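Q: Could you walk me through how to read a few features of a protein model? I'd like the general idea each time, then the case at hand.

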Protein chains: 2
Amino acid sequence: MEKNTSMQLSVEQQREVERQLSIIRRGAAEIIPEDALASKIAASVVSGKPLKVKLGLDPSAPDIHIGHTVVLHKMRQFQDLGHEVQLIIGDFTGKIGDPTGKSETRKQLTEEDVRRNAATYEAQMFKILDPQKTKFYFNSEWLGAMKFEDVLQLAAKLTVARMLERDDFAKRYTNNLPIHIHEFFYPLMQGYDSVSLESDIEIGGTDQTFNILMGRTLQSAFGFQDSQAAILMPLLEGLDGVQKMSKSLGNYIGIDEAPNEMFGKTMSIPDELMLKYYELSTMITNEELAALREGLQDGTVHPRDAKVQLAKQYVSMYHGEEAAEQAEQHFITVFQKGAMPDDIEPFQVNAELLEDGGVIVSKLLVALGFASSSSEARRSLVQGAVKLNGEKLLDPNERIAIKDGDIIQAGKRKFAQLVIA
Amino acid sequence: MEKNTSMQLSVEQQREVERQLSIIRRGAAEIIPEDALASKIAASVVSGKPLKVKLGLDPSAPDIHIGHTVVLHKMRQFQDLGHEVQLIIGDFTGKIGDPTGKSETRKQLTEEDVRRNAATYEAQMFKILDPQKTKFYFNSEWLGAMKFEDVLQLAAKLTVARMLERDDFAKRYTNNLPIHIHEFFYPLMQGYDSVSLESDIEIGGTDQTFNILMGRTLQSAFGFQDSQAAILMPLLEGLDGVQKMSKSLGNYIGIDEAPNEMFGKTMSIPDELMLKYYELSTMITNEELAALREGLQDGTVHPRDAKVQLAKQYVSMYHGEEAAEQAEQHFITVFQKGAMPDDIEPFQVNAELLEDGGVIVSKLLVALGFASSSSEARRSLVQGAVKLNGEKLLDPNERIAIKDGDIIQAGKRKFAQLVIA
């Protein structure tokens, strides 16, 4: 592949390269090396040849959640730009299991397991990826054919010291915890997948940096191909807003979860993470994202409304538009209306309380008569007893955006519907 | 295999075990573990089943010297005790060469090379080993059949830390010199050979300790067999008496060297190493060795005569008895008589000079009139100008054993034949 520097691009081609780069770069934590990505895209624009964008998949039972879709959305963006996706199921590793028998997490899979998991992957992946531009591979195809001497050729490409630089190896070595020699082969195998498929790009989470760079190293060591560029995506925090989204922590939204469950969970995402969820796990365009960010900043878009839209997008993507509408209705009924009395008193919000279309929550509660003092209002808030349209308000000093018709609740019995003149 | 502790041996069997142990232990630098050797021999004595005694051979062109025969003689002792020898030619390693291409010493061998080298090995080995009790193996037979998953099973048996304990790895790792990952497989392969052939004993030089113990580790890790015992033989010093015998240092006696060459080189072995040569590289029995040691100590055996016998044994073993007789004659003619005039003056050794059948060399030279003073005698000696029966005398203070008929020479022209009344 030619290098960017030696290519003469027309103005139009240069613009296309910039357009693609602006989409690919969005949300990426790191691109290694940045200039290789640019030159690969330029070469593709000039030649019309799509790039091969690789993702390695764990062969164990797939149960994809929104956190996993971050890399899938990046791949979908590549597909929308005309490129091709290589999904590699690491069935070779799965069939071996953990030869020491010590690891709980690396159980040996049967041929049957692998096939069933692959079918599940396909069903789940194609909710995001374009099947026309996606190829599935099983790495047992090339790894299973390797003999001892091929393995030695592979192992000869790397030094022990380099391998021990990997975070978890380094820690274990330093702490005198055992590293079995075969463990060195997991990154080597992942890297060799790139050699075998001549991948141009590999995408993964930042926790995969070492393994993905291994592909670069091995492609260069084996020769006859350009080294891939690594696109490292950030890890998406889960519903708790702190920990990485994961099944074991329970802070996840599964893409196979029922529409109402999915909708409700989405509504519990912390406001401050909402844009990140949009950026990393939806089909939103750069322009739409910029507009949303601006709207949230200048108050013309209410965070709750944006979150409803996010929830609808998720349900729509994974269950269809109709299901999305129904889930929204269900949410409104159960969470917003369901727990409220039918006869809620209207409350005219005094102009003195309003400032830039927002109010300080504790002041509002006192004005409503829901608290006798500012300090009582604070206590209620801190205890989680106050809700706006069914969502808890926790910060007494927060200036919240309100609008005509909003329902505010304190404790189980105090309700009011805000009227803004 | 049963353990010694659970076996009831008859007095006769116990005596046979002791006899075998006394022969096997002779000259060994270390036996690991000592009790495993004893219990293996006991089990063999009880069952009548021979032990399988393994030796790994480098597949590169063989050119065996006396240093190499140390382990072969130990194997021959096993054969004489009824056991069987497994010679494993590491052709698998040889065919691979060094995948990094950086090592000068590990050139890739062709199938043809390997076969030719094996034939040479056979020819050389059977000068010491009993062909009836020797089996040749090529480890490509089992290693070449291994697939990636088998290699991972093998690699899973050992930790990185354990491997880095090997001297040369430890040194390189500490000094930030590269260790390529495939290098870990050389000891693993050697160890796996023992698993594959279910070896009971492995013999090697002390420099092979790590690799031989690897066989023990792997046999235990793979299960279904007792771990082999390691018999580690000392490295034989070369003709210089200091460095390990090796071709590159030039201090060796090759077993394919011409009889006269072999004889002459043997005569240049330092006296103090002669018993070690006998012990480690001849067919001498324990009883004969004990007698020789005693004879040398009490002066009834002259070191030069013992050395002549050693030289004859070597030539006889590698070229036959007739060649040995001829080489001795040649040596006497050329080195002892050849360079001397026909009319050598006799010299009656004064009883005053003699003390316990020996003389101080410098005093003898003065008495002979070959030096005008003790200090001139010292200079001649230090310069290597003085010979007894063709062999240089270097130490002025040495008390040398002399006997009637010995010829002493100083410089090119001064000769005398000693007469002892």
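Q: What should I know about the model and its numbering before we start?

A: This is a predicted model, where local features need pLDDT of at least 70 and side-chain atom pairs count only at pLDDT 80 or more, while totals for chains, interfaces and linings use all residues. Residues are numbered from 1 along each chain as its sequence is written, chains are lettered from A and ligands numbered from 1 in the order in which they are written, and side-chain values use heavy atoms, leaving out hydrogens and water.

Q: How many helices and strands does chain A have?

A: Helices (H or I, at least four residues) and strands (E, at least two) are DSSP runs, numbered from the N terminus. Chain A has 18 helices and 13 strands, and its C-alpha trace spans about 80 × 60 × 40 Å along the principal axes.

Q: At what angle do H12(A) and H15(A) pack?

A: Two packed helices are described by the angle between their axes and the distance between the axes. Axes are lines fitted to C-alpha atoms, for helices over the stretch in contact, and angles run from 0 to 180 degrees between N-to-C directions. Here, H12 (residues 259-267) and H15 (residues 303-319) of chain A pack at about 150°, with axes 9 Å apart.

Q: Which residues of H12(A) make the contact?

A: Contact means heavy atoms within 4.5 Å. On H12(A) they are Pro259(A), Met262(A), Phe263(A), Thr266(A) and Met267(A), and they meet residues of H15(A) including Leu310(A), Tyr314(A) and Tyr318(A).

Q: Is Asp91(B) buried or exposed?

A: Buried means under 20% relative accessible area, exposed over 50%, partly exposed in between (1.4 Å probe, protein chains only). Asp91(B), in helix H4 (residues 91-96) of chain B, counts as buried because its relative accessibility is 2%.

Q: Which side chain does the side chain of Asp91(B) make a polar contact with?

A: A polar contact is a pair of N or O atoms within 3.5 Å; within protein, one must be able to donate a hydrogen and the other to accept it, and residues adjacent in sequence count only if both atoms are side-chain atoms. Its partner is the side chain of Ser140(B), at 2.6 Å. A polar atom of the Asp91(B) side chain also lies 3.1 Å from the backbone nitrogen of Asn139(B).

Q: And is Asp356(B) buried or exposed?

A: Asp356(B) counts as exposed, because its relative accessibility is 81%. You'll find Asp356(B) in the loop between strands S7 (346-348) and S8 (358-360) of chain B.
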